Amino acid sequence: MYYDWTYILILIGLALSLWASAGLKNTYSKYSQVASRRGITAAEAAEQILYGAGITEVRIERVEGDLTDHYDSSAKTLRLSDTVYQSTSIAAIGVAAHECGHAIQDSESYVPLRLRHFLVPIVSFGSRLSMPLFILGLVLGLHHSLVPLGIFLFSFAVLFQFVTLPVEFNASARAVAILGDSGLIDSTEIPKVKKVLRAAAYTYLAATAASALQLLRLILIARRRRD
């Protein structure tokens, strides 16, 4: 047994993820208690945003859970969680508008979103095999083949995280712009929406950093074993 200092990289990634997650929960909790002055629900806001963008084929559905909101491009369905769907809060409307941003990206064939869709099956395949191959390569001493292959497959997961960043940031930017231009919420409430979406963005940044740090750790371990 020996001390592996590269575990520090994992701990840093974990700390960043926990910090971002706690920040999102606190920010969302705070602004979920602040009702929009217009009194519109998140589902109604989403419906009006999609209609205003000329998107009529996307359904809006309610889904169980808390902050399980997402846009399903394959089913052309925008799903809002129980805590968002009927809520009139600033936080809920911001989340709904963000998901509408993804629907608009899909309708416009936004390149980063298309790239992310393309990477999904590759990442799914690679994530299942990368670590087993990496570990097997270390155990059997086949680092010249299995270890690099494991690192290569894992790198797609990191790439996926990096591609996700512009997709999410752009969806949030669209949400803020649409809410400001449409009058669905009061102009004085826009800064509050920005805070909610910014907190959500930090979770994606943290996830990307954690994945990059894990990749760095694998590379460092491979080099150490080779030397």
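Which of the 35 residues in the largest nonpolar core touch the most other members? The legends below take up this question first and then turn to other close-up views of this predicted model.

**View 1. The largest nonpolar core of the predicted model.** Among the 35 residues of this core, those that touch the most other members are Tyr 28, Ile 49, Leu 50, Leu 78, Leu 80, Val 84 and Leu 179. Two or more residues of the core come from each of α1, α2 (42-52), β3 (77-81), α3 (82-85), α4, α6 and α7, and α4 makes the largest contribution, with ten residues. In soluble globular proteins, nonpolar side chains tend to be buried together.

**View 2. The surroundings of Tyr 28.** When residues up to four places away in sequence are not counted, Tyr 28 touches Leu 67, Thr 83, Val 84, Ala 91, Ala 92, Val 95 and Val 196. Of these contacts, Val 84 is itself one of the core members that touch the most others.

**View 3. A second, separate core.** This core has ten residues, including Phe 134, Val 147, Ile 151 and Leu 215.

**View 4. The largest pocket, with a volume of about 440 Å³.** Of the 21 residues that line this pocket, Asp 69, His 98, Glu 99, Glu 168 and Tyr 204 are the closest to its centre. At least two lining residues are supplied by each of α1 (7-31), β2 (70-72), α4 (90-107), α5 (111-140), α6 (146-182) and α7 (190-226), and the largest share, five residues, comes from α7. Sorted by class, the lining of the largest pocket consists of ten nonpolar, seven polar and four charged residues.

Key
Residues numbered from 1 in each chain as written. Predicted model: local features only at pLDDT ≥ 70, side-chain atom pairs only at ≥ 80, totals over all residues. Heavy atoms only, no water. 1 Å grid on protein atoms, 1.4 Å probe; cavity = no way out; pocket = protein on both sides within 12 Å on 5 of 7 lines; lining within 4 Å. Points joined across faces, edges and corners; volume = space filled by probe spheres on them. Helix = DSSP H or I, 4+ residues; strand = E, 2+ residues; numbered from the N terminus. Nonpolar A, V, L, I, M, F, W, Y, C, P; charged D, E, K, R; others polar. Core = buried A, V, L, I, M, F, W, Y, C linked by side-chain atoms within 4.5 Å. Buried < 20%, exposed > 50% of the residue type's maximum accessible area, 1.4 Å probe, protein only. Contact = heavy atoms within 4.5 Å.
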